[in-house]
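Hi there,

Here is the structure I promised to pass on to you. Have a look at it first, and then read my notes below.

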Amino acid sequence: MLDIKKIRENSELVLKSLHQRSTEYTLEPIIDLDRQQREIQLVRTELQAKSNEIGKLVGQKMRSGANPQSEEIISLKQEGNDAKAKLAQLEPREKELKAKVESLLLELPNLPSKTTPVGKSESDNVEVRRWGDEYIPEGSNFLSHDQIGEKLGIIDSERAVKVSQSRFVALVGAGAALERALINFMLDRQIEAGYVEVMPPVLINSDSLQGTGQLPKFSEESFKCDKDDLWLTPTAGVPVTNFYRQEILRAEEVPIRHCAYYPCFRREAGSYGKDMRGLIRLHQFNKVELVKIVHPDTSEDEHQKMVKDAEAILQALKLPYRVLELCTGDIGFSAAKCYDLEVWLPEANTYREISSCSNCLDFQARRANIRFKEKGKKGTQFVQTLNGSGLAVGRTMAAILENYQQPDGKVKVPDVLQPYLKQDVLG
RNA sequence: GGAGAGAUGGCUGAGCGGUUGAAAGCGGCUUCCUGCUAAGAAGUUAUGGGUUGUUAAGGCCUAUCGAGGGUUCGAAUCCCUCUCUCUCCGCCA
């Protein structure tokens, strides 16, 4: 959520920044409603003060033994009633205005960081660096990972569709083992890098989704359990960040760094026909997520480190990738700055997203009301939140199957996974 | 699923409808004191919104005792609705 004070005082700058994302945004209604609300509040609190004074006065008189039926008391009560009648007119209007401002604020995305490249779409994203060209497999006639998976009998799409529906897969035998090995490997590495593992609930409430920015605007993208105000989580960033919702942390407690293995659920509404085969775009997929809750002064630094932590997994697996910095038109709703890691897929002859590391600054912290208090400083400050994938497990498996395929149809197991899988070749 | 209990500040825990934003204790902070440590003394100690002020310090108003309504001149306290937590029984991995 954006700071309403900032919108009030620097509306032009804020609007300019929002327009770097898209020109659809306007601030006029918010500014107007906010001004009205404050005008009413001014009158209302004055009336309230008067009413409180009357209340106190009556209390004093009663305590010192005044007759409740005395003219003085009766007239004071009347005065109190008058004030209350006026309040009853103002209060609902103010409340309504406040709610409108709030709901408009919740619909506004984060402002892009000053360093985020300006652009309209993904084609304007900027390649920051590239790694592992020497590991790009030579040759042609590569099989796609889903072909390899079906051939080896480790990915079973048909049966998954039978028990569920399209965009779900089942892993069998070495496929399931590979998924499990990847999860363990990724977690072990990230724990080593200083992240504390958590296993949060998968069904989470609406407040949590609002806290990280999935609601109210993107309800179409998550699965909901209608009877319960519970949702299937689209990413672990939601529950892990919301761990600290409505909390005031001590400054010494940050940075908090968490990693989590987590099944993610997405409706993928509006992507019909896209990536229908294989492990790339599923309604359910596993991810190892990285989340940081940090002091504003260290957040840029922590962001860079988070990207490095995600890259370290790809490097350990010797999978070629590139790092993109997303442009203002392509960064997510809550993000101010975002790097994507894209892994090389030989069959498609292209790079595909496998991790996305966002710095949300105080945007989510405001929505979720996560603050910290510094010793000696008065008041509280908002923390800053970051989240990134380290990595998407299914897509990692796809990349391994494709990059490690051998001419004989078998798939070599990356060195670092061999201790986990206890074999060096699949097939 | 059945029966019951409860939700108060960083924590524990009081609170007859009337200066209660809230006793007390613990913890935290500041100062003083003792040769250090330990101990002791005094003071201080929530968060948000508005307004004023130099985008300061501070002042003033207001709200907040799980959430939302209601009664009342006045609600932490009474009434209603909801949410959550806990205990016992049943069922269950």
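**What I found**

Chain A carries 59 positive and 63 negative side chains, and the centres of these two sets are 4 Å apart. Please keep in mind that this is a predicted model.

Let's begin with the whole chain. Chain A has 13 helices and 18 strands, and its C-alpha atoms fill a box of roughly 105 × 45 × 45 Å along the principal axes. Of its 427 residues, 47% count as buried. The accessible surface of chain A is about 21700 Å², and 48% of that belongs to carbon and sulfur atoms. If you take the contacts in chain A with a separation of 6 or more, 74% are between residues 24 or more positions apart.

Now for the surface. Which residues gather in a patch of negative charge there? They are Asp207, Asp226, Asp228 and Asp229. To find Asp228, go to the loop between β6 (223–225) and β7 (230–232).

Is Asn387 buried or exposed? It is buried, because its relative accessible area is 16% and the cut-off for buried is under 20%. Beyond its neighbours within four places in sequence, Asn387 is in contact with Glu289, Leu290, Val291, Met306, Ser356, Cys357, Ser358, Cys360 and Gln364.

Enjoy exploring, and write back with any questions!

Best wishes

Note on methods:
Residues numbered from 1 in each chain as written. Chains lettered and ligands numbered in written order. Predicted model: local features only at pLDDT ≥ 70, side-chain atom pairs only at ≥ 80, totals over all residues. Heavy atoms only, no water. Patch = residues over 30% accessible without salt bridge, like charges linked within 9 Å, V, L, I, M, F, W, Y side chains within 5 Å. Areas by Shrake-Rupley, 256 points an atom, 1.4 Å probe, with all protein chains shown as cover. Salt bridge = Lys/Arg side-chain N within 4 Å of Asp/Glu carboxyl O. Lys, Arg positive; Asp, Glu negative; His and termini not counted. Charge placed at Lys NZ, Arg CZ, Asp CG, Glu CD. Helix = DSSP H or I, 4+ residues; strand = E, 2+ residues; numbered from the N terminus. Buried < 20%, exposed > 50% of the residue type's maximum accessible area, 1.4 Å probe, protein only. Contact = heavy atoms within 4.5 Å.
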